[in-house]
Amino acid sequence: VGEAVAALIASRLCSPSPLYDIAGWASSSALQELLGIPAALLNDDRLGRALEILAVYAETLRGTLAARAIETFGVDAGRLHVDLTAIRVCGAYENSALVQNGWAQGEAVGRQVRALQAATADGVSLYVRPEPGNAAEVSLIAQSLERLRALSGPGGLLILDSACGHPKTLCQIARAELRFIVPLRAQTGFRERFLTDVGTDGLRALRYVSQREQRIAPELRTQYRGALRDWEVSDPETGQTRRFRVAYVHSSEEHRETAAARERALTKAEEQLQRVKNGLGGRYYKTRKQVQTRVARIIGPNIEGLISTRTGTRNGKPTLTWARDHEAIKAAAQTDGIYALATNLPGTRLTAGQILRDYKGQQIVERRHRDYKQTLKVRPIFLHNDDRIYALTSIIGIALLIFGLIETETRKA
(Lines give C-alpha, C1' and ligand atoms only; values in the text may rest on other atoms or scores of the structure.)
Protein backbone atom coordinates (compact mmCIF):
# COMPACT_ATOMS: atom_id res chain seq x y z
CA VAL A 1 0.00 0.00 0.00
CA GLY A 2 2.81 2.40 0.88
CA GLU A 3 4.45 1.86 -2.50
CA ALA A 4 1.21 2.54 -4.34
CA VAL A 5 0.57 5.72 -2.32
CA ALA A 6 4.13 6.96 -2.87
CA ALA A 7 3.79 6.30 -6.61
CA LEU A 8 0.48 8.16 -6.83
CA ILE A 9 1.90 11.15 -4.95
CA ALA A 10 4.96 11.22 -7.20
CA SER A 11 2.72 11.00 -10.26
CA ARG A 12 0.67 14.02 -9.17
CA LEU A 13 3.75 16.08 -8.43
CA CYS A 14 5.72 15.17 -11.54
CA SER A 15 3.03 14.63 -14.17
CA PRO A 16 -0.39 15.80 -12.90
CA SER A 17 -3.15 13.91 -14.70
CA PRO A 18 -6.26 11.87 -13.85
CA LEU A 19 -5.89 8.39 -12.35
CA TYR A 20 -5.20 6.63 -15.64
CA ASP A 21 -2.37 4.34 -16.84
CA ILE A 22 -0.13 4.96 -13.83
CA ALA A 23 1.93 1.94 -14.84
CA GLY A 24 2.58 3.53 -18.24
CA TRP A 25 3.73 6.73 -16.57
CA ALA A 26 5.96 4.83 -14.14
CA SER A 27 7.64 2.84 -16.92
CA SER A 28 8.66 6.05 -18.70
CA SER A 29 9.91 7.78 -15.56
CA ALA A 30 12.68 7.02 -13.07
CA LEU A 31 10.27 5.74 -10.41
CA GLN A 32 11.97 2.38 -9.97
CA GLU A 33 15.44 3.91 -9.87
CA LEU A 34 14.45 6.56 -7.30
CA LEU A 35 11.87 4.78 -5.14
CA GLY A 36 12.43 1.15 -6.02
CA ILE A 37 8.85 0.65 -7.19
CA PRO A 38 8.49 -1.52 -10.33
CA ALA A 39 6.01 -0.15 -12.86
CA ALA A 40 4.48 -3.61 -13.31
CA LEU A 41 3.11 -3.49 -9.75
CA LEU A 42 1.08 -0.35 -10.45
CA ASN A 43 -1.78 -1.92 -12.38
CA ASP A 44 -5.34 -0.65 -11.90
CA ASP A 45 -6.48 -3.52 -9.67
CA ARG A 46 -3.57 -3.12 -7.24
CA LEU A 47 -4.03 0.63 -7.08
CA GLY A 48 -7.75 0.22 -6.44
CA ARG A 49 -7.17 -2.19 -3.56
CA ALA A 50 -4.51 0.10 -2.12
CA LEU A 51 -6.91 3.05 -2.19
CA GLU A 52 -9.57 1.05 -0.33
CA ILE A 53 -7.08 0.11 2.38
CA LEU A 54 -5.73 3.66 2.65
CA ALA A 55 -9.23 5.10 3.16
CA VAL A 56 -9.29 3.52 6.63
CA TYR A 57 -6.04 5.19 7.71
CA ALA A 58 -6.16 8.42 5.68
CA GLU A 59 -7.07 10.68 8.61
CA THR A 60 -4.28 9.31 10.80
CA LEU A 61 -1.79 9.51 7.94
CA ARG A 62 -2.70 13.14 7.24
CA GLY A 63 -2.15 14.10 10.86
CA THR A 64 1.13 12.21 11.13
CA LEU A 65 2.58 13.73 7.96
CA ALA A 66 1.50 17.24 8.97
CA ALA A 67 3.15 16.83 12.39
CA ARG A 68 6.31 15.51 10.75
CA ALA A 69 6.38 18.47 8.33
CA ILE A 70 6.05 20.90 11.23
CA GLU A 71 8.88 19.20 13.12
CA THR A 72 11.26 18.61 10.20
CA PHE A 73 10.86 21.82 8.23
CA GLY A 74 10.03 24.18 11.09
CA VAL A 75 6.62 25.02 9.64
CA ASP A 76 4.86 27.70 11.69
CA ALA A 77 1.35 26.36 12.28
CA GLY A 78 0.40 29.01 14.81
CA ARG A 79 -1.82 30.71 12.20
CA LEU A 80 -3.99 28.58 9.95
CA HIS A 81 -6.16 29.83 7.10
CA VAL A 82 -9.14 27.49 6.89
CA ASP A 83 -11.62 27.27 4.04
CA LEU A 84 -13.87 24.84 2.21
CA THR A 85 -13.90 24.18 -1.53
CA ALA A 86 -16.00 22.04 -3.86
CA ILE A 87 -14.76 19.42 -6.32
CA ARG A 88 -17.39 19.02 -9.04
CA VAL A 89 -17.84 15.55 -10.55
CA CYS A 90 -19.74 14.06 -13.48
CA GLY A 91 -21.79 10.87 -13.38
CA ALA A 92 -24.76 9.47 -11.49
CA TYR A 93 -23.15 8.33 -8.18
CA GLU A 94 -26.61 7.18 -7.07
CA ASN A 95 -25.44 5.17 -4.06
CA SER A 96 -22.61 7.45 -2.97
CA ALA A 97 -22.55 8.99 0.48
CA LEU A 98 -19.56 11.17 -0.46
CA VAL A 99 -20.66 12.55 -3.84
CA GLN A 100 -23.79 14.59 -3.14
CA ASN A 101 -25.67 17.47 -4.67
CA GLY A 102 -24.46 20.68 -3.09
CA TRP A 103 -24.04 24.40 -3.63
CA ALA A 104 -20.70 25.96 -4.46
CA GLN A 105 -19.88 29.66 -4.57
CA GLY A 106 -20.42 31.06 -8.03
CA GLU A 107 -21.93 27.82 -9.30
CA ALA A 108 -25.35 26.18 -9.37
CA VAL A 109 -26.24 23.11 -7.32
CA GLY A 110 -24.42 20.05 -8.66
CA ARG A 111 -22.77 16.77 -7.71
CA GLN A 112 -19.62 17.39 -5.76
CA VAL A 113 -17.22 16.41 -3.01
CA ARG A 114 -16.27 19.10 -0.53
CA ALA A 115 -12.74 19.48 0.82
CA LEU A 116 -11.78 21.28 4.01
CA GLN A 117 -8.29 22.75 3.85
CA ALA A 118 -6.04 24.48 6.37
CA ALA A 119 -2.91 26.28 5.15
CA THR A 120 -0.21 28.11 7.09
CA ALA A 121 0.74 31.75 6.57
CA ASP A 122 3.65 30.51 4.41
CA GLY A 123 1.27 28.61 2.13
CA VAL A 124 1.90 25.06 3.34
CA SER A 125 -1.33 23.05 3.22
CA LEU A 126 -1.23 20.99 6.43
CA TYR A 127 -4.74 19.60 6.30
CA VAL A 128 -7.00 18.53 3.41
CA ARG A 129 -9.99 16.43 4.33
CA PRO A 130 -12.65 15.21 1.83
CA GLU A 131 -16.25 15.61 3.00
CA PRO A 132 -19.75 14.88 1.60
CA GLY A 133 -20.81 17.31 -1.11
CA ASN A 134 -23.89 18.47 0.80
CA ALA A 135 -22.11 19.10 4.11
CA ALA A 136 -22.43 22.54 5.70
CA GLU A 137 -19.22 24.48 6.30
CA VAL A 138 -20.07 25.38 9.89
CA SER A 139 -20.61 21.74 10.90
CA LEU A 140 -17.40 20.63 9.16
CA ILE A 141 -15.36 23.30 10.96
CA ALA A 142 -16.88 22.19 14.27
CA GLN A 143 -16.00 18.55 13.59
CA SER A 144 -12.41 19.47 12.70
CA LEU A 145 -11.64 21.73 15.67
CA GLU A 146 -9.83 18.99 17.58
CA ARG A 147 -7.57 18.20 14.61
CA LEU A 148 -6.91 21.89 13.91
CA ARG A 149 -6.05 22.43 17.57
CA ALA A 150 -3.59 19.52 17.40
CA LEU A 151 -1.89 21.15 14.41
CA SER A 152 -1.71 24.71 15.68
CA GLY A 153 -1.53 24.01 19.42
CA PRO A 154 -3.65 25.62 22.16
CA GLY A 155 -4.13 29.30 21.42
CA GLY A 156 -3.55 28.80 17.70
CA LEU A 157 -5.16 31.33 15.37
CA LEU A 158 -7.75 30.27 12.79
CA ILE A 159 -8.67 32.60 9.93
CA LEU A 160 -12.10 31.61 8.64
CA ASP A 161 -14.64 33.00 6.19
CA SER A 162 -18.04 34.52 6.92
CA ALA A 163 -19.87 31.17 6.92
CA CYS A 164 -18.57 30.84 10.50
CA GLY A 165 -19.47 34.41 11.42
CA HIS A 166 -22.24 33.54 13.89
CA PRO A 167 -21.96 33.94 17.69
CA LYS A 168 -22.67 30.21 18.25
CA THR A 169 -19.76 29.13 16.02
CA LEU A 170 -17.40 31.73 17.48
CA CYS A 171 -18.16 30.53 21.00
CA GLN A 172 -17.56 26.94 19.90
CA ILE A 173 -14.11 27.86 18.58
CA ALA A 174 -13.33 29.75 21.78
CA ARG A 175 -14.31 26.72 23.88
CA ALA A 176 -11.79 24.69 21.88
CA GLU A 177 -9.08 27.07 23.21
CA LEU A 178 -8.38 28.47 19.76
CA ARG A 179 -8.15 32.07 18.58
CA PHE A 180 -10.02 33.27 15.53
CA ILE A 181 -10.53 36.09 13.05
CA VAL A 182 -13.88 35.77 11.28
CA PRO A 183 -15.99 38.21 9.21
CA LEU A 184 -19.40 38.60 10.84
CA ARG A 185 -22.61 37.82 8.99
CA ALA A 186 -25.08 40.63 8.42
CA GLN A 187 -27.60 38.76 10.59
CA THR A 188 -25.44 39.46 13.65
CA GLY A 189 -26.44 43.14 13.40
CA PHE A 190 -22.89 44.47 13.07
CA ARG A 191 -24.01 47.31 10.77
CA GLU A 192 -26.43 48.61 13.38
CA ARG A 193 -23.77 48.34 16.09
CA PHE A 194 -21.32 50.17 13.85
CA LEU A 195 -23.68 53.12 13.49
CA THR A 196 -24.37 53.14 17.23
CA ASP A 197 -20.88 52.49 18.63
CA VAL A 198 -18.54 53.92 15.99
CA GLY A 199 -20.05 55.90 13.12
CA THR A 200 -18.14 57.19 10.13
CA ASP A 201 -16.35 59.81 12.23
CA GLY A 202 -14.96 57.13 14.55
CA LEU A 203 -12.90 55.44 11.83
CA ARG A 204 -9.16 56.00 11.55
CA ALA A 205 -6.82 55.35 8.61
CA LEU A 206 -5.29 51.86 8.50
CA ARG A 207 -1.88 51.07 7.01
CA TYR A 208 -2.55 48.24 4.62
CA VAL A 209 -1.74 47.80 0.92
CA SER A 210 -2.71 44.62 -0.88
CA GLN A 211 -0.10 42.81 -2.93
CA ARG A 212 -1.90 43.53 -6.19
CA GLU A 213 -1.88 47.29 -5.49
CA GLN A 214 1.71 47.70 -4.34
CA ARG A 215 2.92 48.80 -7.77
CA ILE A 216 0.27 51.39 -8.48
CA ALA A 217 0.24 55.04 -7.46
CA PRO A 218 -0.79 55.66 -3.82
CA GLU A 219 -3.74 57.84 -4.82
CA LEU A 220 -5.19 54.95 -6.85
CA ARG A 221 -4.94 52.37 -4.07
CA THR A 222 -7.82 51.19 -1.93
CA GLN A 223 -8.01 53.22 1.25
CA TYR A 224 -8.86 51.48 4.51
CA ARG A 225 -10.19 52.97 7.73
CA GLY A 226 -11.10 51.11 10.87
CA ALA A 227 -11.90 51.02 14.55
CA LEU A 228 -11.72 48.34 17.24
CA ARG A 229 -14.56 47.84 19.72
CA ASP A 230 -15.52 45.30 22.40
CA TRP A 231 -18.38 42.88 21.81
CA GLU A 232 -19.99 40.77 24.50
CA VAL A 233 -21.69 37.52 23.47
CA SER A 234 -23.64 35.04 25.55
CA ASP A 235 -22.42 31.49 24.92
CA PRO A 236 -25.55 29.49 23.95
CA GLU A 237 -24.05 26.26 25.37
CA THR A 238 -22.76 27.43 28.74
CA GLY A 239 -24.55 30.75 29.26
CA GLN A 240 -21.15 32.32 29.93
CA THR A 241 -20.54 35.86 28.72
CA ARG A 242 -17.65 35.89 26.27
CA ARG A 243 -15.83 39.09 25.47
CA PHE A 244 -14.76 39.34 21.86
CA ARG A 245 -13.56 42.32 19.88
CA VAL A 246 -14.70 43.53 16.49
CA ALA A 247 -12.62 45.45 13.96
CA TYR A 248 -14.97 47.59 11.89
CA VAL A 249 -13.24 48.15 8.54
CA HIS A 250 -14.21 50.52 5.74
CA SER A 251 -12.83 49.79 2.26
CA SER A 252 -13.07 52.56 -0.34
CA GLU A 253 -13.14 49.97 -3.14
CA GLU A 254 -15.94 48.01 -1.53
CA HIS A 255 -17.77 51.27 -0.85
CA ARG A 256 -17.77 52.12 -4.57
CA GLU A 257 -18.74 48.60 -5.60
CA THR A 258 -21.61 48.38 -3.10
CA ALA A 259 -23.03 51.74 -4.15
CA ALA A 260 -22.71 50.87 -7.84
CA ALA A 261 -24.35 47.46 -7.33
CA ARG A 262 -27.28 49.05 -5.49
CA GLU A 263 -27.74 51.61 -8.27
CA ARG A 264 -27.69 48.84 -10.90
CA ALA A 265 -30.25 46.83 -8.95
CA LEU A 266 -32.53 49.85 -8.55
CA THR A 267 -32.28 50.77 -12.23
CA LYS A 268 -33.01 47.19 -13.30
CA ALA A 269 -36.03 47.01 -10.98
CA GLU A 270 -37.40 50.28 -12.36
CA GLU A 271 -37.01 49.01 -15.92
CA GLN A 272 -38.87 45.81 -15.05
CA LEU A 273 -41.61 47.75 -13.27
CA GLN A 274 -41.98 49.94 -16.35
CA ARG A 275 -42.45 46.84 -18.52
CA VAL A 276 -45.13 45.61 -16.14
CA LYS A 277 -46.85 49.00 -16.29
CA ASN A 278 -46.78 48.95 -20.09
CA GLY A 279 -48.54 45.58 -20.04
CA LEU A 280 -51.27 46.41 -17.50
CA GLY A 281 -54.62 45.07 -18.62
CA GLY A 282 -52.95 42.79 -21.14
CA ARG A 283 -52.53 39.03 -21.28
CA TYR A 284 -50.27 38.63 -18.24
CA TYR A 285 -51.46 41.44 -15.97
CA LYS A 286 -55.24 41.33 -16.06
CA THR A 287 -55.75 41.53 -12.29
CA ARG A 288 -54.20 43.40 -9.40
CA LYS A 289 -53.11 40.08 -7.83
CA GLN A 290 -51.09 39.17 -10.93
CA VAL A 291 -49.36 42.56 -10.77
CA GLN A 292 -48.57 42.19 -7.06
CA THR A 293 -47.10 38.72 -7.62
CA ARG A 294 -44.81 40.03 -10.35
CA VAL A 295 -43.79 43.10 -8.33
CA ALA A 296 -42.87 40.87 -5.36
CA ARG A 297 -40.47 38.96 -7.62
CA ILE A 298 -38.92 42.16 -8.99
CA ILE A 299 -38.22 43.74 -5.59
CA GLY A 300 -35.49 41.41 -4.35
CA PRO A 301 -34.03 41.29 -0.82
CA ASN A 302 -31.11 43.52 -1.87
CA ILE A 303 -33.40 46.49 -2.62
CA GLU A 304 -36.35 45.70 -0.38
CA GLY A 305 -37.50 48.91 1.27
CA LEU A 306 -35.57 51.09 -1.18
CA ILE A 307 -38.42 51.30 -3.71
CA SER A 308 -42.02 51.84 -2.64
CA THR A 309 -44.68 50.41 -4.94
CA ARG A 310 -48.43 50.82 -4.99
CA THR A 311 -50.96 48.78 -6.91
CA GLY A 312 -54.65 49.43 -7.38
CA THR A 313 -57.58 49.10 -9.74
CA ARG A 314 -59.18 51.80 -11.87
CA ASN A 315 -62.10 51.19 -14.22
CA GLY A 316 -61.52 47.43 -13.94
CA LYS A 317 -57.88 47.73 -14.96
CA PRO A 318 -54.92 47.29 -12.56
CA THR A 319 -52.64 50.25 -11.84
CA LEU A 320 -49.05 50.45 -10.71
CA THR A 321 -46.90 53.29 -9.41
CA TRP A 322 -43.50 53.32 -7.74
CA ALA A 323 -40.88 55.68 -6.37
CA ARG A 324 -37.45 55.46 -4.83
CA ASP A 325 -37.30 55.95 -1.08
CA HIS A 326 -34.37 58.36 -0.97
CA GLU A 327 -34.26 58.43 2.83
CA ALA A 328 -33.98 54.64 2.99
CA ILE A 329 -31.29 54.69 0.29
CA LYS A 330 -29.36 57.31 2.21
CA ALA A 331 -29.62 55.25 5.39
CA ALA A 332 -28.41 52.11 3.60
CA ALA A 333 -25.47 54.03 2.15
CA GLN A 334 -24.18 54.83 5.65
CA THR A 335 -22.67 51.36 5.94
CA ASP A 336 -21.43 50.98 2.35
CA GLY A 337 -17.95 49.46 2.37
CA ILE A 338 -18.19 48.41 6.03
CA TYR A 339 -17.43 44.90 7.19
CA ALA A 340 -16.71 43.53 10.65
CA LEU A 341 -13.93 41.14 11.69
CA ALA A 342 -14.59 39.43 15.01
CA THR A 343 -11.69 38.08 17.08
CA ASN A 344 -10.79 36.80 20.51
CA LEU A 345 -7.11 37.65 20.18
CA PRO A 346 -5.69 38.98 23.47
CA GLY A 347 -3.50 42.00 23.97
CA THR A 348 -4.04 45.61 24.91
CA ARG A 349 -2.07 46.75 21.87
CA LEU A 350 -4.20 44.85 19.35
CA THR A 351 -5.30 47.14 16.50
CA ALA A 352 -7.83 47.02 13.69
CA GLY A 353 -4.95 47.23 11.22
CA GLN A 354 -3.29 44.12 12.64
CA ILE A 355 -6.55 42.16 12.44
CA LEU A 356 -7.10 43.33 8.85
CA ARG A 357 -3.60 42.31 7.76
CA ASP A 358 -3.97 38.83 9.26
CA TYR A 359 -7.39 38.36 7.68
CA LYS A 360 -6.25 39.46 4.23
CA GLY A 361 -3.91 36.48 4.21
CA GLN A 362 -6.98 34.33 3.56
CA GLN A 363 -6.10 34.43 -0.12
CA ILE A 364 -3.34 31.94 0.78
CA VAL A 365 -5.76 29.05 1.25
CA GLU A 366 -7.79 30.16 -1.77
CA ARG A 367 -4.60 29.94 -3.85
CA ARG A 368 -4.03 26.43 -2.51
CA HIS A 369 -7.56 25.49 -3.57
CA ARG A 370 -6.57 26.50 -7.09
CA ASP A 371 -3.41 24.37 -6.90
CA TYR A 372 -5.46 21.43 -5.61
CA LYS A 373 -7.89 21.61 -8.52
CA GLN A 374 -5.74 22.90 -11.35
CA THR A 375 -2.01 22.44 -10.69
CA LEU A 376 -2.37 18.94 -9.26
CA LYS A 377 -5.53 18.20 -11.28
CA VAL A 378 -7.77 16.53 -8.71
CA ARG A 379 -10.45 16.43 -11.45
CA PRO A 380 -11.73 14.45 -13.27
CA ILE A 381 -12.14 11.59 -10.81
CA PHE A 382 -12.51 8.31 -12.69
CA LEU A 383 -13.74 6.43 -9.62
CA HIS A 384 -17.17 5.43 -8.29
CA ASN A 385 -16.30 3.73 -5.01
CA ASP A 386 -16.52 6.13 -2.04
CA ASP A 387 -13.48 4.66 -0.28
CA ARG A 388 -11.37 5.05 -3.41
CA ILE A 389 -12.56 8.62 -3.99
CA TYR A 390 -11.85 9.52 -0.36
CA ALA A 391 -8.38 7.97 -0.52
CA LEU A 392 -7.44 9.53 -3.86
CA THR A 393 -8.49 13.05 -2.81
CA SER A 394 -6.54 12.52 0.42
CA ILE A 395 -3.45 11.46 -1.56
CA ILE A 396 -3.66 14.60 -3.67
CA GLY A 397 -3.93 16.55 -0.39
CA ILE A 398 -0.66 14.97 0.71
CA ALA A 399 0.86 15.91 -2.66
CA LEU A 400 -0.33 19.47 -2.00
CA LEU A 401 1.46 19.43 1.37
CA ILE A 402 4.72 18.41 -0.36
CA PHE A 403 4.10 20.97 -3.12
CA GLY A 404 3.80 23.72 -0.50
CA LEU A 405 6.95 22.57 1.32
CA ILE A 406 8.95 22.60 -1.92
CA GLU A 407 7.68 26.08 -2.75
CA THR A 408 8.43 27.41 0.75
CA GLU A 409 11.93 25.91 0.92
CA THR A 410 12.71 27.25 -2.56
CA ARG A 411 11.57 30.70 -1.50
CA LYS A 412 13.88 30.58 1.53
CA ALA A 413 16.91 29.41 -0.49
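This is a predicted model: local features need pLDDT of at least 70, side-chain atom pairs count only at pLDDT 80 or more; totals for chains, interfaces and linings use all residues.
Residues are numbered from 1 along each chain as its sequence is written, and side-chain values use heavy atoms, without hydrogens or water. Local features need pLDDT of at least 70 and side-chain atom pairs pLDDT 80 or more, while totals for chains, interfaces and linings use all residues.

**Exercise 1. Work out how helix H4 and helix H13 are oriented to each other.**

Step 1: Find the two helices. H4 covers residues 44–73 and H13 covers residues 386–412. Helices here are DSSP runs (H or I, at least four residues), strands are E runs of at least two, and both are numbered from the N terminus.

Step 2: Get the geometry. Their axes come within 7 Å and cross at roughly 25°. An axis is a line fitted to C-alpha atoms over the stretch in contact, and angles run from 0 to 180 degrees between N-to-C directions.

Step 3: Classify the angle. H4 is therefore roughly parallel to H13 (under 35 degrees is roughly parallel, over 145 roughly antiparallel, 65 to 115 roughly perpendicular, the rest oblique).

Step 4: Sort the contact residues. You get 16 nonpolar, 2 polar and 8 charged (nonpolar: Ala, Val, Leu, Ile, Met, Phe, Trp, Tyr, Cys and Pro; charged: Asp, Glu, Lys and Arg; polar: the others, Gly among them).

**Exercise 2. Describe the salt bridge of Arg-388 and Glu-52.**

Step 1: Check the distance. The N to O distance between these side chains is 2.9 Å (a salt bridge is a side-chain nitrogen of Lys or Arg within 4 Å of a carboxyl oxygen of Asp or Glu).

Step 2: Arg-388 sits in H13 and Glu-52 in H4, so the pair ties together parts 336 residues apart in sequence.

Step 3: Look at accessibility. Arg-388 is partly exposed at 26% relative accessible area, and Glu-52 is partly exposed at 30% (buried is under 20%, exposed over 50%, partly exposed in between, using a 1.4 Å probe and protein chains only).

**Exercise 3. Locate the salt bridges of Arg-147 and Arg-149.**

Step 1: Take Arg-147. Its partner is Glu-59, with the closest N and O atoms 3.3 Å apart. Arg-147 is in helix H5 (residues 137–152) and Glu-59 in H4, 88 residues apart.

Step 2: Take Arg-149. This side chain meets Glu-177 at 2.8 Å, N to O. Arg-149 is also in H5, while Glu-177 lies in the loop between helix H6 (167–175) and strand S6 (179–183), 28 residues away.

Step 3: Glu-177 is partly exposed at 46%.
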